[in-house]
Amino acid sequence: MKKVSIYSRTGCHLCETAIDQINSVKNELNFDLEIKLIDGNSELEKMYGDQVPVILIDNQPHDYWRVDLNRFTSAINS
C-alpha cells in the first residue's frame with residue numbers, strides 16, 4: 001500500500017484544497033494518508049515553507065502547491 005504525506009500549514013487554503021482532493025480519491029485508490037503541519041517546526045518550515053502543500057508519495061516528492069488528480073492517480077496506481 002502506498003503512503004501519501006502532505007506537508008501543510010494552518011490557514012493555508014491551497015493546503016485545504018489539496019487535502020480535500022486527495023481525500024476524495026482515498027477510498028478508491030487505497031493508500032495511507034498522513035497530514036503533517038509544519039507550523040512551529042523550524043526545520044520543516046525551512047524545507048517546505050514556500051511550497052506548501054507538499055505532497056509526497058512513499059517519501060518521494062510528487063507535487064507542491066496544487067494537485068493534478070490525473071497525475072496523482074497514475075502515481076498511486078504505478
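Guide: We will go through the sheet, one of its residues and the helices. This is a predicted model, where local features need pLDDT of at least 70, side-chain atom pairs count only at pLDDT 80 or more, and totals for chains, interfaces and linings use all residues. Residues are numbered from 1 along each chain as its sequence is written, and side-chain values use heavy atoms, with hydrogens and water left out.

Visitor: What is the order of the strands in the open sheet?

Guide: Strands (E, at least two residues) and helices (H or I, at least four) are DSSP runs, numbered from the N terminus. Two strands pair if DSSP finds at least two bridges between them. Here four strands form an open sheet in the order β2-β1-β3-β4, and the pairing is mixed. β2 (32-37) and β4 (60-64) are the edge strands, each pairing on one side only. From one strand to the next, the twist averages 25°.

Visitor: In which sense do β1 and β3 pair?

Guide: β1 and β3 (residues 54-57) are antiparallel, with four bridges. Ser-5, found in β1 (residues 3-8), has Leu-56 as its bridge partner in β3.

Visitor: Is Ser-5 buried or exposed?

Guide: Buried means under 20% relative accessible area, exposed over 50%, and partly exposed in between (1.4 Å probe, protein chains only). Ser-5 counts as buried because its relative accessibility is 1%. Contact means heavy atoms within 4.5 Å. Not counting residues up to four places away in sequence, Ser-5 touches Glu-34, Lys-36, Val-54, Ile-55 and Leu-56.

Visitor: At what angle do the axes of α1 and α3 cross?

Guide: Axes are lines fitted to C-alpha atoms, for helices over the stretch in contact, and angles run from 0 to 180 degrees between N-to-C directions. The axes of α1 (residues 13-29) and α3 (residues 69-77) cross at roughly 35° and come within 11 Å. The contact is made by Gln-21, Ile-22, Ser-24, Val-25 and Leu-29 of α1 with Leu-69, Phe-72, Thr-73, Ile-76 and Asn-77 of α3. α1 also lies across β1, β2 and β3, running at about 165° to β1.

Visitor: Which residues of α3 are buried?

Guide: Phe-72, Ala-75 and Ile-76 are buried in α3. An arc is taken from the directions from the helix axis to the C-beta atoms. These three cover an arc of only 100° around the axis, so they sit on the same side of α3. The buried residues of α3 pack against β1, α1, β3 and β4, while Asn-70 and Asn-77 are exposed on the other side.
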